[in-house]
Every structure is written in C-alpha cells, then in structure tokens.
Amino acid sequence: SDVYKRQVMNQLWKEYISSLLHNDKNFESIMLKLLKADFHGSILKVVRAKCESYEGQEGIVVQETMRTFRIITKINRFLTLLKKNAIFLVELPDGRHLKVIGCHLQFRPADRSKIKFKIKQLIKDIPYD
C-alpha cells in the first residue's frame, strides 16, 4: 500500500541521516550536515511560505529539484513546494525538529554536498518566533 511505501521511504531516510550525523550533538555541525544531505524520504513541514495556504502542510519528500520539494501528504495529496521564501521543519530520527531556510537549499541536490556553508549566516537567517 501507499502508506507502507511512505513508511519504508522515511525509515530509509532516518537510517541514512542517522549514519550521516553519527550521534552528533553539536547544533552547528548537525545543521551543516543536514544542509548537505539528501532530503528524499524525509518528513518536511512548511513553517512559513510565500503562499500562506502551504503553511502547516506536511509530508514525505518524494522529489527534490533545485527550486522545489515535491511531497506527498498523509491524505495522498502531491504538493510542490517552492524553496524560495519558505522555512521548513525537518524531523530528525531522535524526534528533534530543525528549521531549515529554503533559500539555503536552492542548489541541485547533488551539488549541495559540495557547497561550503557559513554557519553564522545560517543561524542569523533563522527567525525566532
């Protein structure tokens, strides 16, 4: 069933991200690794978006492009979310959630792993609300 496929996809992402983070507890290190990670299979929630109707939407990433995430929601609805002007909440395997600014992810997923992010700029950009 579709629900089972989504659960498997998310479980694979959790295993992948767990191996990538190696039980890291340092926020800056986690953030840098997360920004370079592959998001296919992750659970994303839209915290803020230019299109307000997308705020609060949540689903599993089934496709990522340079400018968008394509997610499938719990009610089997496909949504294409623009990264620009959006803030996403990413659920980590340990239950924590991190805010990720969409504009920091506006690279081809394969190219993002090569980008050198500056953590001070990333933290400054995160709105505290």
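Colleague: How many helices and strands does the protein chain come to?

Modeller: This is a predicted model, and its secondary structure comes to four helices and six strands.

Colleague: What pattern do they follow along the sequence?

Modeller: Reading along the chain you get α-α-β-β-β-β-β-β-α-α.

Colleague: And what share of the residues is buried?

Modeller: Of the 129 residues in the protein chain, 36% are buried. The accessible surface is about 7,800 Å², with 55% of that belonging to carbon and sulfur atoms.

Colleague: For contacts between residues at least 6 apart in sequence, what fraction joins residues at least 24 apart?

Modeller: That comes to 50%.

Colleague: OK, helix 1. How many residues does it have, and what does it reach end to end?

Modeller: Helix 1 covers residues 2-21. It has 20 residues and reaches 28 Å from the first C-alpha to the last, close to the 28 Å expected at 1.5 Å a residue.

Colleague: Which of its residues are buried?

Modeller: Arg 6, Asn 10, Trp 13, Ile 17 and Leu 21. Looking down the axis of helix 1, these buried residues fall within an arc of 65 degrees, so they line one face of the helix.

Colleague: Why would residues with that sort of spacing point the same way?

Modeller: An α-helix has 3.6 residues a turn, so residues three or four places apart point the same way.

Colleague: What does the buried face of helix 1 pack against?

Modeller: The buried residues of helix 1 pack against helix 2 (27-36), strand 1 (43-48), strand 2, strand 3 (68-72) and strand 5.

Colleague: Take Asn 10 then. Buried or exposed, and what does it touch?

Modeller: Asn 10 sits in helix 1 and counts as buried, at 9% relative accessibility. Leaving out residues up to four places away in sequence, Asn 10 touches Gly 41, Ser 42, Ile 43 and Ile 60.

Colleague: And which residues are exposed on the other side of helix 1?

Modeller: Tyr 4, Lys 5 and Leu 12 are exposed there.

Colleague: How accessible is Val 8?

Modeller: Val 8 is in helix 1 too, and at 31% relative accessibility it counts as partly exposed.

Colleague: Switching topic: how many salt bridges?

Modeller: The count comes to three. One of them joins the side chains of Lys 33 and Asp 24, at 3.2 Å from N to O. Another is Glu 64 with Lys 83, where the closest N and O atoms are 2.7 Å apart.

Colleague: Where do Glu 64 and Lys 83 sit?

Modeller: That pair links distant parts of the chain, 19 residues apart. Glu 64 is in strand 2 (residues 58-64), while Lys 83 is in the loop between strand 4 (78-82) and strand 5 (87-91).

Colleague: Are those two buried or exposed?

Modeller: Glu 64 is buried, with a relative accessible area of 8%, and Lys 83 is buried as well, at 0%.

Colleague: What about Lys 33 and Asp 24, buried or partly exposed?

Modeller: One of each. Lys 33 is partly exposed at 26% relative accessibility, whereas Asp 24 is buried at 17%. The cut-off for buried is under 20%, so Asp 24 goes on the buried side.

Colleague: Which residues make the remaining salt bridge?

Modeller: Asp 94 and Arg 96, whose side chains meet at 2.7 Å, N to O. Asp 94 is partly exposed at 47% relative accessibility, and Arg 96 is partly exposed at 35%.

Colleague: Where are Asn 76 and Asn 85?

Modeller: In loops. Asn 76 is in the loop between strand 3 and strand 4, and Asn 85 is in the loop between strand 4 and strand 5.

Colleague: How accessible are those two asparagines?

Modeller: Asn 76 is partly exposed, with a relative accessible area of 39%. Asn 85 also counts as partly exposed, at 44%.

Methods:
Residues are numbered from 1 along each chain as its sequence is written. This is a predicted model: local features need pLDDT of at least 70, side-chain atom pairs count only at pLDDT 80 or more; totals for chains, interfaces and linings use all residues. Side-chain values use heavy atoms; hydrogens and water are left out. A salt bridge is a side-chain nitrogen of Lys or Arg within 4 Å of a carboxyl oxygen of Asp or Glu. Buried means under 20% relative accessible area, exposed over 50%, partly exposed in between (1.4 Å probe, protein chains only). Helices (H or I, at least four residues) and strands (E, at least two) are DSSP runs, numbered from the N terminus. Contact means heavy atoms within 4.5 Å. Accessible areas come from the Shrake-Rupley method with a 1.4 Å probe; for residues, only the protein chains shown count as cover. The expected span of a helix is 1.5 Å times one less than its number of residues. The arc is that of the directions from the helix axis to the C-beta atoms.
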